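Thanks, everyone. I'll take pockets to begin with, then salt bridges. Here is the structure.

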Amino acid sequence: MTMSFLKKLFGREALPARLRYEDARSALESRSRELRRELASRPDAPPETLYYLAGDTDPEIRALVAANPSTPHQANALLQKDRAGDVRAELARKIGRIVPDMPANEIQDVRDRVMELLEKLAQDELVRVRQIVAQEIKSCPHVPRRIALALAHDAEILVCGPVLEYSPLLSDEDLLEIVATTRVQGALEAVARRRNVDGAVADAIVATLEIPAIAQLLANPNAQIREETLDRIISEAAAIDAWHLPLVMRPALSLRAVRRIAVFVSRALIEELGRHRQLDAETESYLKTRTQMRIEQEGERGGNAPDAAIVAVKKAFAAGTLSDELVTKSASLQHKAAVILALSLKASIAEPLVARIFEAKSGKGIAALCWKAGLAMRTALAIQIFVANVPPDARVLPRGGTDYPMEGTEMLWHLNYFGIGETD
């Protein structure tokens, strides 16, 4: 079947559904860009054709060859050195997805060549290429440990973050070294979010006194925080609002820790501190006393506190500094109007729509709203507890202590349910 016949048949240049070697050769000889593009993306294209197209002058065609799972290793090796970052990024994505699914009985020579290519891509000068590799292999136990270590020590958080948080190849010794030496902002937070954090690693994170990392550690229910380490955190926590909520939500607090935390947290947090815990009579009485003291203190400040909170939200938004910390603090102080305003501004949604979700006591709706506003799931939990009064059995809890438990499509569904579209 000739190209001219195909053109007559379809009214345009096209390749047949069943590709033969002669069809591929004719497509190359035609010098048609559309045919070369289609050929570059066809899994049934002959290997020699894909190798030839790996040297095409058009970077879009080379990117299609890089993404093609049928491209031979020789062509992949050529594309790894391609001058176009988009081409190397497509290759990194493909190789990164191949590695976790490689069968255990794969021929050693094939495995070695793939891992060699992966290692070179993990050292690419372009951050985006290294980031793709890190994202694709972050949870894979089958890559060489040296690749995981190299990515974990990367100077960019987009690269090292996923590996530090998820890689099973990093030992506690590796993590201790990284905690002690890293200068990458966000690296300690990634370590603190790991599925399991050993007591020694937790001690090292606390020793850095890095506020966001310690907040993440406290929010991680699987982090093994020793009693003496927790005592140290509590001793410093009075002036650090970011630690209050995760401290209160921390499982298995001792009665001594409960009483110490109740000294400095808000009334709403004191109430949450005593909820669902087995407390002795003395501790229950102590918490009631602290709650009454907080009520009296807030009464002495008068009714201006909520107004001041609204002013603070407006100023922070205007300055571009309206953060999770400020919203969580307003929530824990039960400044409902300030929280509604903050979400309205951050998510570009009318305040009555935000208030409607609060009134519905919809944990999923509040989580979706905070997600749209670009806030953390822990902030969504604080709003559910202290502002919207969502019943415990209807609350949406963070996955792994920190992450949103729903996918984006589900979030959008819950927003649409309340009349909020993607562009609102």
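**Pockets and salt bridges**

By class, 11 nonpolar, four polar and nine charged residues make up the lining of the largest pocket. Nonpolar here is Ala, Val, Leu, Ile, Met, Phe, Trp, Tyr, Cys and Pro; charged is Asp, Glu, Lys and Arg; polar is the others, Gly among them.

Some ground rules. This is a predicted model, where local features need pLDDT of at least 70 and side-chain atom pairs count only at pLDDT 80 or more, while totals for chains, interfaces and linings use all residues. Residues are numbered from 1 along each chain as its sequence is written, and side-chain values use heavy atoms, with hydrogens and water left out.

What is a pocket? On a 1 Å grid over the protein atoms alone, probed at 1.4 Å, a pocket is an open set of points with protein on both sides within 12 Å along at least five of seven lines; lining residues have an atom within 4 Å of a point.

The largest pocket has a volume of about 620 Å³; volume is the space filled by probe spheres set on the points, joined across faces, edges and corners. Its lining has 24 residues, and Gln216, Asp324, Ala376, Arg378 and Thr379 lie nearest the centre. Helices α15, α17, α22 and α26 each give two or more residues to that lining. Helices here are DSSP runs (H or I, at least four residues), numbered from the N terminus. α15 gives the most, with five.

Next, the second largest pocket, at about 340 Å³. It is lined by 18 residues, with Met249, Arg250, Pro251, Arg378 and Leu381 closest to its centre. α15, α17 and α26 each supply at least two of the lining residues.

Now salt bridges: a side-chain nitrogen of Lys or Arg within 4 Å of a carboxyl oxygen of Asp or Glu. How many salt bridges does the whole structure have? The search finds 26.

Take aspartate 56 and arginine 36, with N to O at 2.8 Å. Aspartate 56 sits in the loop between α4 and α5 and arginine 36 in helix α3, so the pair ties together parts 20 residues apart in sequence. Aspartate 56 is buried at 10% relative accessibility, and arginine 36 is buried at 13%. Buried means under 20% relative accessible area, exposed over 50%, partly exposed in between (1.4 Å probe, protein chains only).

Arginine 146 bridges to glutamate 119 at 3.0 Å. Arginine 146 is partly exposed at 49%; glutamate 119 is partly exposed at 21%.

Last, arginine 275 and glutamate 272 meet at 2.4 Å, N to O. Arginine 275 is partly exposed, whereas glutamate 272 is buried at 5%.
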